[in-house]
Amino acid sequence: MNFRVFDSYEEVSAYSAELLAEVISEKEDAVLGLATGSSPVGMYKELIKLHEEGKLDFSKAKSINLDEYVGLDGSHDQSYRYFMNTNLFDHVNMDKKNTFVPDGTTDDLMEGARKYDELIESMGGIDVQVLGIGPNGHIGFNEPADELKMNTHVAELTEETIQANARFFASEKDVPTRAVTMGVGPIMKAKKIILIASGENKAWAVKSLVDDVITTKIPATLLKLHPDVTVVLDKEAAGML
Ligand code: F6R
């Protein structure tokens, strides 16, 4: 794992955008594995800037997102589809038909999950996967547990994750308790991973990335087995390293 520590979130965002832009410059039809949440917001802003400056062309790129809340459709302002449209897709020349987010509203969530894995396969896997990290070490919504799932599945969110995400909703009781999430399989098979973390509340989870332990109780520790992970941190998130 390659650790990069910056003084500010702005620098974290600019560097992460540079890494992602490099992948697209090398392969114009790259498959981008994307994340939502606060961590990548600044990176998306930087990518939009690069695009507006004529330095980055998304016209052939494809994207596949990690997760979506069960019960929220794309028009809900807290759905991850809505997040992706407003934070990135609406502002760059990406064909929305080439952007994929799990469907959290389909009647048969299991069948939807199975099809999502087929989709990832049919795209030839993920060239670069962007990840945030939960304060409890989750990646995607692969929460700490005795075992982890390889494939896309419906996950029950932990109380800690519900509390952490309540800041985006009117109240904690409005936070969906389940999400459709990619499993750890496609994440670990991604050619390259960029993990972004900022803020003191991530310091514990970030420290677990350097400890000599791999455990499903801290899902991000699995990333130690991946050959190309760059962890991009601000100094608060790096505080316990
Ligand atoms: C989001 C996702 C989550 C977040 C994590 C950190 O698509 O899969 O794993 O990356 O919860 O969230 P933030 O960045 O809001 O602290």
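In the predicted model, Leu-131 has Leu-195 of strand S9 as its bridge partner. This pair belongs to the contact between strand S6, residues 128–131, and S9, where 4 bridges join two strands that run parallel. S9 is also joined to strand S10, which spans residues 229–234; here there are 5 bridges, and the direction is again parallel. Within this second pairing, Ile-194 stands opposite Thr-230 of S10.

In S9 both faces are covered. Lys-192, Ile-194 and Ile-196 are buried on one side, while Ile-193, Leu-195 and Ala-197 are buried on the other.

A further set of 3 strands forms an open sheet, with the order S4-S8-S7 and antiparallel pairing. Strand S4 (67–69) and strand S7 (153–156) are the edge strands, each of which pairs on one side only. On average, neighbouring strands of this sheet are turned by 30° against each other, direction ignored. The antiparallel strands S7 and S8, the latter made of residues 178–181, are joined by 4 bridges. In this pairing, His-153 has Thr-181 of S8 as its bridge partner.

The largest nonpolar core contains 60 residues, of which Leu-32, Leu-47, Leu-88 and Leu-223 touch the most other members. Helix H1, residues 9–26, supplies the largest share of this core, with 8 residues. When neighbours within four places in sequence are left aside, Leu-88 is in contact with Leu-34, Tyr-44, Leu-47, Ile-48 and Phe-83. Another core, of 12 residues, lies apart from the largest one; among its members are Tyr-69, Leu-72, Val-101 and Val-175.

Charged side chains were considered as well, and the count of salt bridges comes to 13. One of these links Glu-118 to Arg-114, with an N to O distance of 2.5 Å. Glu-118 and Arg-114 both lie in helix H4, which covers residues 109–122, and because they are 4 residues apart they are separated by about one helical turn. Glu-118 is partly exposed, with a relative accessible area of 45%, and Arg-114 also counts as partly exposed, at 42% relative accessibility. Both residues take part in a network of salt bridges that links Glu-111, Arg-114, Lys-115 and Glu-118.

A salt bridge is also formed by the side chains of Asp-211 and Lys-207, at 3.2 Å from N to O. Asp-211 has a relative accessibility of 32% and therefore counts as partly exposed; Lys-207, at 27%, counts as partly exposed too. In the salt bridge between Lys-97 and Asp-95, the closest N and O atoms are 3.8 Å apart. The cut-off for an exposed residue is a relative accessible area over 50%. Lys-97, at 65% relative accessibility, therefore counts as exposed. Asp-95 has a relative accessible area of 32% and is partly exposed.

Definitions and conventions
Residues are numbered from 1 along each chain as its sequence is written. This is a predicted model: local features need pLDDT of at least 70, side-chain atom pairs count only at pLDDT 80 or more; totals for chains, interfaces and linings use all residues. Side-chain values use heavy atoms; hydrogens and water are left out. Two strands pair if DSSP finds at least two bridges between them. Axes are lines fitted to C-alpha atoms, for helices over the stretch in contact, and angles run from 0 to 180 degrees between N-to-C directions. Buried means under 20% relative accessible area, exposed over 50%, partly exposed in between (1.4 Å probe, protein chains only). A salt bridge is a side-chain nitrogen of Lys or Arg within 4 Å of a carboxyl oxygen of Asp or Glu. A nonpolar core is a set of buried Ala, Val, Leu, Ile, Met, Phe, Trp, Tyr and Cys residues joined through side-chain atoms within 4.5 Å. Contact means heavy atoms within 4.5 Å.
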